[in-house]
Amino acid sequence: MPEHAKLFSPSGAPRWTRCPGSAKACADYPRTSNAFADDGSALHSFAADMLNGKDPLGSVFVAGTGSYHCDEDSMDLLEEYVETVRAQVEEGDVLLVETRHDFMHLLPEETQAMITWPEAFGTVDAVVIKVAKKELQIHDLKTGRKEVSAEHNEQLTLYALAALEEHSLLYDIEKVTLHIHMPRKSNSSWELPWSDVHKDTFRYYMQDCLADDPAFIPGEIQCKWCDHKPNCKAIEEDILAEFMGNDDEDNLLLAEDPGESVAELPEDRLASLLNKAPMIKNWVEAVEKAAYSIAMDGATLSGFKLVQNRPGNSTWTDAKEVEAWLRAGRKAKRANMYKEALITPTQALKRAIVGPRNLAKMNAMIHRPPGKIVLVPESDKRDAYVLPDIASEFDNEE
Ligand code: SF4
């Protein structure tokens, strides 16, 4: 499993470039894992084997949350990424798989001396140096389902800066391209417009993080995955200020009926609260998670206790064994053992169970409720919903 930098991890760059205080504040939190992250690590390990010409089929990746087997489905999922990267490597080109690249050089030497550990590096999934074309390519595999763009991507830009520092002595590089491969979503590529501006920008951010009293700047992007969140005064104060408004009259925390007071807020205050809503929800979840964790460790939280919910639904431990047991010894009737369910409209259309002559009749029996109307930020890609003109409908009725 690749090592991770504590202070300046490239994947944490969206956080520490926006909130300098978070770099040192997060450095000593232990890295926690979950099944989702471990599944991603396993797929990265299988993909690295494939890129290195090994066949990982049947191999096992052991992680904190369990063992992950490389099966046909994993191979199918990774095939396009592996083939795309391989196709870039022509004769004389260089392919580096899962290699660590440092970017300590971005800091001035006197500042580097302040850091006692190599804390600015990342493991790049694949670097391709197209020697004849003088191009450096950074390839990053993302196995999640949340769309990520290569354009202006801080993590990949840091990888590129690190790789350039390491390889530009040996190779003449004039072009840098960043590539994100998402087998479960769409891929994305971007040519990094080349200039020293990136170096200077990151140097500035990193120096800010190392200041004696760095600023803590809350915001939706930086706070989302921040480990320090449940203990961070800055986000707490920022959220409380949002609820408190400018004076006592505006203060939702003092309102007798906060629900009613929110409904009466002017549109601009409501929009401001709505803007902060994702950050507030995320913070509340982090506080709940931290409180649950310490309660499970035996701590007492004033006014709270742990209870056990009703048990979940009963399921067979081994459905096949039960099926054989019921049919053999007990001679249970088939009708009592199985339930029949009508296929869905989508399945009926897919299986073409009625001919063209009856299709219209079947379509008339299909009900599809309209999508729910939701309020989203203006940046959402969908067209705005146009409200029906109720006044003119009323006029027509008259
Ligand atoms: S919670 Fe937000 S403000 Fe606090 S350290 Fe983390 S990123 Fe910075």
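Start by selecting helix 3, residues 35-51. Its 17 residues should span 24 Å at 1.5 Å a residue, and the end C-alpha atoms are 24 Å apart, so the two agree. Keep in mind that you're looking at a predicted model.

Stay on helix 3 and show some side chains. Which of its residues are buried? Pick out Ala42, Leu43, His44, Phe46, Ala47, Ala48, Asp49, Met50 and Leu51. If you're wondering about the spacing, an α-helix has 3.6 residues a turn, so residues three or four places apart point the same way.

The buried residues of helix 3 pack against strand 1 (60-63), strand 2 (66-69), helix 4 (72-88), strand 3 (94-102), strand 4 (121-130) and strand 5.

Next, click on Ala35, which also belongs to helix 3. Buried or exposed? Ala35 counts as exposed, because it has 12 C-beta neighbours inside 10 Å, and 12 or fewer is the cut-off for that label. Then select Thr65 as well: Ala35 and Thr65 are 30 residues apart in sequence, yet their C-alpha atoms are 5.7 Å apart in space. Before leaving, look at Gly53, which follows helix 3 and has a positive phi near 85°.

Time for some loops. Most residues other than glycine have a negative phi. Select Lys134, in the loop between strand 4 and strand 5. Lys134 isn't a glycine, but its phi is positive, near 55°. Lys134 is exposed, as 12 other C-beta atoms lie within 10 Å.

Hop over to His152, in the loop between strand 5 and helix 6 (154-167). Here is another residue other than glycine with a positive phi, near 55°. His152 counts as exposed too, with 11 C-beta neighbours inside 10 Å.

Zoom out and colour the two domains: domain 1 covers 10-209, and domain 2 covers 220-257 + 265-294. Their C-alpha centres lie 33 Å apart. Where they meet, eight residues of domain 1 are in contact with six residues of domain 2. On the domain 1 side, helix 1 (13-16) and helix 2 each give two or more residues, and helix 2 has the largest share, with three. By class, that side has five nonpolar, one polar and two charged residues.

Now show the ligand. Why does it lie between the domains? Both domain 1 and domain 2 give residues to the shell around it, so the ligand lies between them. Of the 15 residues around the ligand, select the ones that come nearest: Cys19, Ser22, Cys223, Cys226 and Cys232. Helix 2 (21-27), helix 8 (220-224) and helix 9 (233-244) each give two or more residues to this shell. Helix 2 makes the largest contribution here, three residues. Sorted by class, the shell has nine nonpolar, four polar and two charged residues.

Follow helix 9 along its length. Its twelve residues reach 16 Å from first C-alpha to last, close to the 16 Å expected at 1.5 Å a residue. Just after helix 9, select Gly245, where phi is positive at about 65°.

Last stop: colour everything by pLDDT. The protein averages 90, and 96% of the residues score at least 70. Among the elements, strand 5 (residues 135-141) has the highest mean, 97, while helix 16 (residues 390-397) has the lowest, 66. Where pLDDT is low, the predicted coordinates should not be read in detail.

Notes: Residues are numbered from 1 along each chain as its sequence is written. This is a predicted model: local features need pLDDT of at least 70, side-chain atom pairs count only at pLDDT 80 or more; totals for chains, interfaces and linings use all residues. pLDDT is the predictor's confidence in each residue, from 0 to 100. Helices (H or I, at least four residues) and strands (E, at least two) are DSSP runs, numbered from the N terminus. A residue is near a molecule or strand if its C-beta atom, placed from the backbone, lies within 6 Å of it. Ala, Val, Leu, Ile, Met, Phe, Trp, Tyr, Cys and Pro count as nonpolar, Asp, Glu, Lys and Arg as charged, and the others, Gly among them, as polar. Domain bounds come from an automatic or database domain assignment. Two residues are in contact if their C-beta atoms, placed from the backbone, lie within 7 Å. The expected span of a helix is 1.5 Å times one less than its number of residues. A residue is buried if 20 or more other C-beta atoms lie within 10 Å of its own, exposed if 12 or fewer, and partly exposed in between; C-beta atoms are placed from the backbone.
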